[in-house]
Amino acid sequence: MYKIAVAGTGYVGLVAGVCFAEVGHNVICVDIDEKKVELMKSGKSPIYEADLESLMRKNYEAGRLDYTTDFRAAYKDADAIFIGVGTPELPDGSANLSYIASVARQIAESIEKDCLVVVKSTVPVGTNDKVEQFINDFLVHNVKVEVASNPEFLAQGSAVHDTLKASRIIIGVESKWAENILKCIYEPFHLPIVTVNRRSAEMIKYASNDFLALKISYMNEIANLCELVGADVKDVAKGMSYDSRIGDKFLNAGIGYGGSCFPKDTKALEYLARQNGYEIKTVKAAIDVNKEQKLAMYKKASRRLITFHGLKVAVLGLTFKPGTDDLREAPSLDNIPLLLENGADIYAYDPVGADNFKKIYPEGKIKRGTITYVESVEDALIDANLCFIFTEWDEIKGLNPIDYKKHMKTPLVFDGRNIYEVQQMLDAGIEYYAIGRKQAL
Ligand code: NAD
């Protein structure tokens, strides 16, 4: 078993560290955030992911997993150091590599034995060549260090499952030495391993994510057209899904993709193409479509109503998808400020995302409106004049059409996630608008 250090304890780093410990490796997770480290040492996860906390506790108690801010102690004798720090978007669309650079510098100054550095963070093609050069330029001790690319494909909301049962492990290496270490580290997972060179591995990550973003934007455009011509996108998607070349995943139309990955990874690939004198038209289109799609429900409601001022607006779901507390690029963040500017009194419900949302929009008066956070779907709906559904949490999907009718003052529902059958809602006496369904606005 290997001694592994993981830099960064976010969705990628922490889950990777915990899963490496779960299969028997000796893992130390490093973060610069002292509060996070203290929290993790007390057995609590700083992020919400199913099964994560129980595996953290189990492996911590077994002595295979620990957390620290002391990067020198963690890195100095590690066999492999996995980097899982953020690579957020810069204003020009390129990836911010400053976190990667500071970890690289810390590694160069700390390692005292031969070590494989493995970049899990999503980085533009060619970055790992530079990381390797950078570490070697700043090395303090006379040791061998090489960089490998091992992009991560987990989806938030099912991160632990996606790591332990990953569809494939991509290993991007430039030597047999690096390949052997990574194959041994992943051997206990019993998963398919695809070995390629470093640049191909980096590209596989962008090509995969951007393909999924394209698929979503494509279905959203088909949905918009369905509305105009009287077709129903749910039926269209069902009919398409039987074709194995298309598949049955990612065909759901909605109010666009969010999260920390698709938005920034589409822009980063578009930037990379531009830097190389190439215009990647398909990805550009996915970005443009998504930007507009996020406001699709708000625009429908604006066409339906004279004003939002003084209306009680129930908002169901704040996170960018169910199963996570992450709000990054969530459609709620595009819609709620507009509703507040226009004087709406918002009653927001999210089973796990409300605390994070409160940090951005504290409860009370904001602009011309107000926002109140409630503990149940029913509390949001009581006496509401209209309702927006932004996230398809089970608690929200489990609501019966009749509940809207029962609780709301006027049962007017704008469903950005196509949760309900149109007829079912109409039969319950609800004025219902969704995405790409027959009753367009
Ligand atoms: P995150 O923002 O949740 O976590 C990053 C962590 O790194 C933070 O805890 C931060 O404090 C820590 N950090 C920053 N500098 C550090 C340093 N010098 N040493 C140690 N820790 C440091 O990020 P994330 O969502 O886990 O994403 C990480 C990378 O993985 C990104 O490149 C992202 O694109 C990629 N990725 C993310 C997902 C996802 O679903 N979130 C999926 C696949 C790939």
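Predicted model: local features only at pLDDT ≥ 70, side-chain atom pairs only at ≥ 80, totals over all residues.

Q: How many helices and strands does the protein chain have?
A: The protein chain has 19 helices and 15 strands, where helices (H or I, at least four residues) and strands (E, at least two) are DSSP runs numbered from the N terminus. Its radius of gyration is 24 Å, close to the 22 Å that the globule rule gives for 441 residues, so the chain is as compact as a globular protein of that length. That radius is taken over C-alpha atoms, and the globule rule is 2.2 Å times the number of residues to the power 0.38.

Q: What box do the C-alpha atoms fill, and what percentage of the residues is buried?
A: Along the principal axes, the C-alpha atoms fill a box of roughly 75 × 45 × 40 Å. Buried residues make up 47% of the 441; a residue is buried if 20 or more other C-beta atoms lie within 10 Å of its own, exposed if 12 or fewer, and partly exposed in between, with C-beta atoms placed from the backbone.

Q: Now the ligand: which residues come nearest?
A: Of the 27 residues around the ligand, G8, G10, V12, S121 and T122 come nearest, and being near means that the C-beta atom, placed from the backbone, lies within 6 Å. Helix 1 (11-22) and helix 5 (98-110) are the elements that give two or more residues to this shell, and the largest share, 4 residues, comes from helix 5.

Q: And how does the shell divide by residue type?
A: It divides into 10 nonpolar, 13 polar and 4 charged residues. Here Ala, Val, Leu, Ile, Met, Phe, Trp, Tyr, Cys and Pro count as nonpolar, Asp, Glu, Lys and Arg as charged, and the others, Gly among them, as polar.

Q: Which residues does UniProt annotate as "binding site"?
A: The unreviewed UniProt entry gives that annotation to D31, K36, T87, T122, K264 and R328. They span 298 residues in sequence, and the farthest two C-alpha atoms are 24.6 Å apart, so these residues do not all gather at one spot. Such annotations may be inferred rather than shown by experiment.

Q: Where is D31, and is it buried or exposed?
A: D31 is found in the loop between strand 2 (26-30) and helix 2 (34-41), and D31 is buried, with 23 other C-beta atoms within 10 Å. Leaving aside neighbours within four places in sequence, D31 is in contact (C-beta atoms, placed from the backbone, within 7 Å) with G8, T9, K36, V37 and T69.

Q: What about K264, where is its place?
A: K264 is in helix 11, counts as buried with 23 C-beta neighbours inside 10 Å, and is in contact with P88 and E89 once its neighbours within four places in sequence are left aside.

Q: Is helix 11 itself mostly covered or uncovered?
A: Helix 11 is mostly covered, since 10 of its 14 residues are buried, and what covers those buried residues includes helix 9 (198-229) and helix 12 (281-293). Just after helix 11, G277 takes a positive phi of about 75°.

Q: Last one: what does UniProt say covers residues 314-422?
A: The unreviewed entry annotates residues 314-422 as "domain: UDP-glucose/GDP-mannose dehydrogenase C-terminal". Over residues 314-422 the chain is 31% helix and 22% strand, and the end C-alpha atoms are 20 Å apart.

Methods:
Residues numbered from 1 in each chain as written. Contact = placed C-beta atoms within 7 Å.
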